[in-house]
Amino acid sequence: VEAGRIAHGATGHNAGQVVDYFEKPFSEIVTEYGLEMAVAGQKAITDSWKLLEEILEETHIHISFARFMGYAGCTTIEQLLVHLENKWQKVQGGLHVEQAMLAEEIILKESIPEKYHAFCKYIPQKQILEYLETPHTKYIAALQSRKGTMNSALFVEKLSEFLLEKYPERFAIREHAPIDEVHLYEDNVTLESKNHTINTKYVVLCTNGFENININNHTGLNINPFFHSNISGIVGYMAGYLEKETLLPKAISYFPATDKVSGADPYFYVTRRNHMWEEIEKSLVCIGGPEEIHEEIRNYSASFPYSKIAFQDIDTFLKETYPDSCRDGVDYVFKWHGLMGYTKSGIRSIGVEPANSRLLYNLGCNGVGILPSIYGGSKIAKHLSGELVKQTIFDPIIQKTVVISAK
């Protein structure tokens, strides 16, 4: 049941990266949930690469899906140390990490704690800049990790078509059908809008459309206030242009120097993927990074004016980072923004509402991209089929405990 059109919300307003990392630093997840649960959460998202590949194989969906090594550029030692600590914590939990590449002319080995040496590689800065595809010498280190690119909106549309054809008696889509009220009872759920009523056994809240929904729990605690206070809205701005020639896909993040240092600092990200433009395959380059808090999520619209400040930030970053390719200016063929719903826990919410098991969640943008969504779908399916599902950092009851403890 979709308030607008399938894949035309947050899914249709992204840059196309496929990644398995969290925007919340792994070391912070360990502090709040413990090493064992943090490792299990990371492993669940990483294993979702296989889930995505299985879906593509079994459905025979033909869509461009590139996999490669992606990079992130650091400008300060302080930034680098935050990411090295994340790597060290993952290694303590038995997870695999890729090496960090440090500029040998700039970073002294003695300045890096010995416990990080095993996953540090010292190379000429020139080579680091080649990985980051920029001549800008402010970047002193490059982190590497597995990444990918795909048009996730097109993927969701094709997957929906497959399900409609293969399971006509089990699967249906109702677009332009916004829900206003969710009424939870002991054995069933009623969904209401101005034009229709739906009776069902369970309801799963997904995507960013939940802020216009009031949740009425008729069998226990009032869910509505806590749920809405736990979600905040952030509008992300992006822009895109077409390369003159077809290049290999890429996904690179760039961390600028800031006064504040944490693993969740603002950053710019660049995604390059294949795109059909006027029946010719081109390389589409998307740049994102600027964000603004949108307190009134209910009032957000994709038709809101594009921030001039956000565009200026993107344009300045692009021309500083790629001066050669931007020498003659940039012809932006796309400019867009999208609403992201962030949970206060900093972790995607996936699982059963503890106050009424008829309500489940698979929402929040804190696990970046499509892989957490796919993992969330598999976890929700297990809940609905009656399987005994081990609690994880994504479970609402675990997240509520952490938020309350923090207060």
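Helix H3 (residues 48-59) and helix H9 (residues 370-384) cross at roughly 80°, and their axes come within 9 Å. The two helices are therefore roughly perpendicular to each other. That label covers angles of 65 to 115 degrees; under 35 counts as roughly parallel, over 145 as roughly antiparallel, and the rest as oblique. Axes here are lines fitted to C-alpha atoms, for helices over the stretch in contact, with angles from 0 to 180 degrees between N-to-C directions. Helices (H or I, at least four residues) and strands (E, at least two) are DSSP runs, numbered from the N terminus.

This is a predicted model, in which local features need pLDDT of at least 70, side-chain atom pairs count only at pLDDT 80 or more, and totals for chains, interfaces and linings use all residues. Residues are numbered from 1 along each chain as its sequence is written, and side-chain values use heavy atoms, with hydrogens and water left out.

**Helix contacts**

H3 contributes Ser48, Trp49, Leu51, Leu52 and Ile55, which meet Leu371, Ile374, Tyr375 and Ser378 of H9. Contact means heavy atoms within 4.5 Å. Seven residues of this H3 and H9 contact are nonpolar, two are polar and none is charged. Ala, Val, Leu, Ile, Met, Phe, Trp, Tyr, Cys and Pro count as nonpolar; Asp, Glu, Lys and Arg as charged; the others, Gly among them, as polar.

H1 packs on helix H4 (residues 77-92) at an angle of about 50°, with the axes 8 Å apart. H1 and H4 are therefore oblique to each other. On the H1 side, Phe26, Ser27 and Val30 meet Glu85, Asn86, Gln89 and Lys90 in H4. The contact of H1 with H4 divides into two nonpolar, three polar and two charged residues.

**Salt bridges**

The structure holds nine salt bridges. Each is a side-chain nitrogen of Lys or Arg within 4 Å of a carboxyl oxygen of Asp or Glu. Side chains of opposite charge can pair when their charged atoms come close.

| Pair | N to O distance |
|---|---|
| Glu133 and Lys250 | 3.0 Å |
| Arg272 and Glu133 | 3.2 Å |
| Lys319 and Asp315 | 2.9 Å |

Glu133 pairs with Lys250. Glu133 lies in the loop between helix H5 (125-132) and strand S5 (141-150), and Lys250 in strand S12 (residues 250-254), so the pair ties together parts 117 residues apart in sequence. Glu133 also pairs with Arg272. Arg272 sits in strand S13 (residues 268-277), 139 residues from Glu133.

How accessible is Glu133? Glu133 is partly exposed, at 34% relative accessible area. Lys250 counts as buried at 7%, and Arg272 is buried at 6%. Buried means under 20% relative accessible area, exposed over 50%, and partly exposed in between (1.4 Å probe, protein chains only).

Lys319 and Asp315 both lie in helix H8 (residues 308-321), four residues apart, about one turn of the helix. Lys319 is partly exposed at 38%, whereas Asp315 counts as buried at 15%. Elsewhere, salt bridges that share partners join Lys24, Glu28 and Glu32 into one network.

**Glu32**

Glu32 belongs to helix H1 (residues 26-33). Its relative accessible area is 36%, so Glu32 is partly exposed. The Glu32 side chain makes a polar contact with the side chain of Lys24 at 3.3 Å. A polar contact is a pair of N or O atoms within 3.5 Å; within protein, one must be able to donate a hydrogen and the other to accept it, and residues adjacent in sequence count only if both atoms are side-chain atoms.
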